[in-house]
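Biologist: I have a structure open and want to learn how to read it. Can we take a few features in turn?

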Amino acid sequence: MASPEKSDNHDAMNFVNGEYRIGKSGKKFNNISPVNGSLISIVHEASEDDVDDAVKAARAALTGSWGTMQLAERLKLVTAIVGGIQARFNDFLDAEVADTGKPVSLASHLDIPRGAANFEVFADMMKNHHDECFRMPTPDGTGALNYTVTKPKGVIGIICPWNLPLLLMTWKAGPALACGNTVVVKPSEETPSTAALLGEVMNDVGVPPGVYNVVQGMGPGSAGEFLTKHPGVDAITFTGETRTGEAILQNAAVGVRDVSFELGGKNPAIVFADCDMDKAIEGTIRSAFANCGQVCLGTERIYVERPIFEKFVGRLKAGAEDLICGAPEDSTTSLGPLISKEHQAKVLSYYALAKKEGATVVTGGGVPEMNEMNEGAWIEPTIWTGLSENSAVLREEIFGPCCHITPFDTEEEAISMANDTPYGLACSIWTEDLTRAHRVGPQMAVGICWINSWFLRDLRTPFGGSKQSGIGREGGTYSMEFYTELSNVCVKL
Ligand code: NAD
């Protein structure tokens, strides 16, 4: 078994106890470019033994140097990870862009900077953390003093999706480490590279071995299942599809492990006739098509008040047709490919279903001609009108650059249609009427409701989904609630 200090052979390796390794079973699979179908790297799949080694290393670090480290020293290390990522910015950027095919312009402004910031934000939060004290009278008059003690939860299993790989992984690893936990990360099989690369940064800045571990592989029968079933994992934080969440929840039930789930969505936007049309169009172009529609918070259902319906549809169509599919490094590119041919087939199946069910295809609906990149997972941004609210296209998460637009006549009708979904992650309301905004916003059955914006994130605020879009909230002190165990010490005076 190899254990080089760096993953410098370009293979995506496992990172266990501070060392890179291939899987003990020797199993591997190909990491394929979504841009042109070429081979990016070989991924070394972790066996059950590798996962066990990673969990044991994480446990040992908890009772070893990491667990006994002073808070200030720990937070200094967590903050140093930010500098470590920034120093290797281009390596992270290249790895993320290769795995996802997303435009460099997007990854360089969002994925990598936010991936680094997640360590800083939560280190700062822990610096300012204070415990609480409660004085209590007792019948004998001497009283008692209670105080809280915030402890790390233990070994955290982190299961990640492929749409924003570094950003969403560090959104969990950042607070987990700041709170004193150790982690075993299972990146998506589609995007194994940045999680592996982060191991180098951990070693470079002096994070002790075993604090941050990475196991590569798939879900069922592979690293995902091995990790979530492992009894040495104290809590599981997962971002991905709702159905996968159901499978992980069953594993977490054994041993009653805590979970935090950020799951799928079928997010609505409501556009009132009194909106600022330019803002609503600009925001909806982003919310429907950014990252090729592969954003959990993205808009797939749009409800537009009837007097402006035709105008809105026409302008959104023009905006979608202005998007340029192209190579990630091309500065004119605004739309990358989908993550894989498999996902392309799934999204195209909804494109076909929409047509079959009688949708009016306002724009798109197919695969663009990409010449030498035709082997990639390209897809046209697509807008439909005319489907019934019961259509699977309007009920199921598609996770592609597509949306359906429905007209409405009253505020009540719009709220009711927007909320009529098993999901409850996010929505956007577009109106210049402040009273209406404050009246409608709280009625939306979602974790986050944006008024006249989308994806505007203050990392201190609670983030998560209601209904089938998640369990729990992360962000700011809400992350701390998940990543720490609170004890109360009661002292009789
Ligand atoms: P996915 O559920 O297919 O996979 C996510 C991860 O789970 C992968 O690492 C996968 O290998 C692993 N996995 C799959 N089956 C497993 C099992 N049985 N046990 C353990 N691990 C398993 O999701 P995806 O396709 O990678 O990502 C897209 C989905 O993620 C969409 O539904 C999207 O809405 C959701 N998402 C949600 C948020 C949010 O914040 N709510 C953010 C991003 C993405």
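Modeller: Start with burial in a helix. In α4, the buried residues are F92, L93, A95, E96, V97, D99 and T100. Keep in mind that this is a predicted model.

Biologist: How far apart are the end C-alpha atoms of α4?

Modeller: They are 16 Å apart. Helix α4 covers residues 89–100, and at 1.5 Å a residue its twelve residues should span 16 Å, so the two values agree. Just after α4, G101 has a positive phi of about 75 degrees.

Biologist: How do I describe two packed helices?

Modeller: Use the angle between their axes and the distance between the axes. Here, the axes of α4 and α8 (residues 193–205) come within 9 Å. They cross at roughly 165 degrees. That makes the two helices roughly antiparallel, because an angle over 145 degrees counts as such. The crossing is right-handed.

Biologist: Which residues in α4 and α8 meet?

Modeller: From α4 come D91, F92, A95, E96 and D99. From α8 come S193, T194, L197, L198 and V201. Among these, F92, A95, E96 and D99 are buried.

Biologist: Now a loop residue. Is H230 buried or exposed?

Modeller: H230 is buried, because its relative accessible area is 13% and the cut-off is under 20%. H230 sits in the loop between α9 (223–229) and β10 (235–239).

Biologist: What does H230 contact, leaving aside neighbours within four places in sequence?

Modeller: D52, V55 and R257. With D52, the contact is polar: side chain to side chain, at 2.7 Å.

Methods: Residues are numbered from 1 along each chain as its sequence is written. This is a predicted model: local features need pLDDT of at least 70, side-chain atom pairs count only at pLDDT 80 or more; totals for chains, interfaces and linings use all residues. Side-chain values use heavy atoms; hydrogens and water are left out. Helices (H or I, at least four residues) and strands (E, at least two) are DSSP runs, numbered from the N terminus. Buried means under 20% relative accessible area, exposed over 50%, partly exposed in between (1.4 Å probe, protein chains only). Contact means heavy atoms within 4.5 Å. A polar contact is a pair of N or O atoms within 3.5 Å; within protein, one must be able to donate a hydrogen and the other to accept it, and residues adjacent in sequence count only if both atoms are side-chain atoms. The expected span of a helix is 1.5 Å times one less than its number of residues. Axes are lines fitted to C-alpha atoms, for helices over the stretch in contact, and angles run from 0 to 180 degrees between N-to-C directions. Angles under 35 degrees count as roughly parallel, over 145 as roughly antiparallel, 65 to 115 as roughly perpendicular and the rest as oblique. A crossing is left-handed if the near helix is turned anticlockwise from the far one by less than a right angle, and right-handed if clockwise.
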